[in-house]
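Open the structure in your viewer and keep the selection tool ready. Each stop says what to pick and what is there.

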Amino acid sequence: MTDYSERLKHLDDKKLMDVVKNYRQYGYDISVRATAISILGERGFSEETLELTGNMDNKTYDYAETLYNSFKRNSKVAFILFCVLLITNISTSIFAISANYLTSVSVSINAIATILYFVFLIKSFLNQNKFYKVINDDYGTEGVLMYFLLGMPLYIVMYFYFGNQMKEKMKDIQ
């Protein structure tokens with residue numbers, strides 16, 4: 001930590017404020033942020049001043065992180081439901097030969113999973129759409145088409161692609 005303290009003391013006020021505001025994007029620990037706040041305090045910048053000037057927190061990053069976490073959660077549920085749909089579709093075709101009780105159970109599970117899959121797919125799409133609006137990055141209307149035309153049959157690929165893409169975008173938020 002003393003190494004960081006010495007490095008931070010050599011930074012000008014603007015760079016220190018940037019460290020305070022964007023410490024997560026830089027991969028710094030909260031203690032580095034606290035040290036930067038302390039150094040700024042010694043230079044005459046109170047926490048209240050930092051807050052009033054918008055240099056205490058990165059609200060855009062915080063909101064984008066909330067949306068990203070919601071996207072991950074909703075996408076994960078949609079991914080699990082997609083797997084359930086695959087399993088129930090396969091099992092329905094296997095059980096259809098014997099036409100027994102398991103077929104009706106499998107069809108019922110499939111119907112419920114299908115509805116829930118669409119709900120969570122749409123929720124994840126809305127999270128992703130808000131995320132890109134917050135970071136002022138228009139990923140275009142082809143995102144809608146990709147989500148619903150390719151997203152259903154190729155959800156496994158889309159799940160990882162969009163998750164990684166948004167993770168990378170989180171690093172660029174200012």
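Start with helices 2 and 3: helix 2 passes helix 3 in a left-handed crossing (left-handed if the near helix is turned anticlockwise from the far one by less than a right angle; helices are DSSP runs of H or I, at least four residues, numbered from the N terminus). This is a predicted model, where local features need pLDDT of at least 70, side-chain atom pairs count only at pLDDT 80 or more, and totals for chains, interfaces and linings use all residues. Residues are numbered from 1 along each chain as its sequence is written, and side-chain values use heavy atoms, with hydrogens and water left out.

Select residues 13-22 for helix 2 and 30-42 for helix 3. They pack at an angle of about 145°, axes 9 Å apart (axes are lines fitted to C-alpha atoms over the stretch in contact; angles run from 0 to 180 degrees between N-to-C directions).

Now show the side chains. Helix 2 brings D13, L16, M17, V19 and V20 to the contact; helix 3 brings V32, R33, A36, I37, I39 and L40 (contact: heavy atoms within 4.5 Å). Nine of these residues are nonpolar, none polar and two charged (Ala, Val, Leu, Ile, Met, Phe, Trp, Tyr, Cys and Pro count as nonpolar, Asp, Glu, Lys and Arg as charged, the others, Gly among them, as polar).

R43 sits in the loop between helix 3 and helix 4 (47-52) and D13 in helix 2, so the pair ties together parts 30 residues apart in sequence. The whole structure has six salt bridges.

Notes:
Helix = DSSP H or I, 4+ residues; strand = E, 2+ residues; numbered from the N terminus. Salt bridge = Lys/Arg side-chain N within 4 Å of Asp/Glu carboxyl O.
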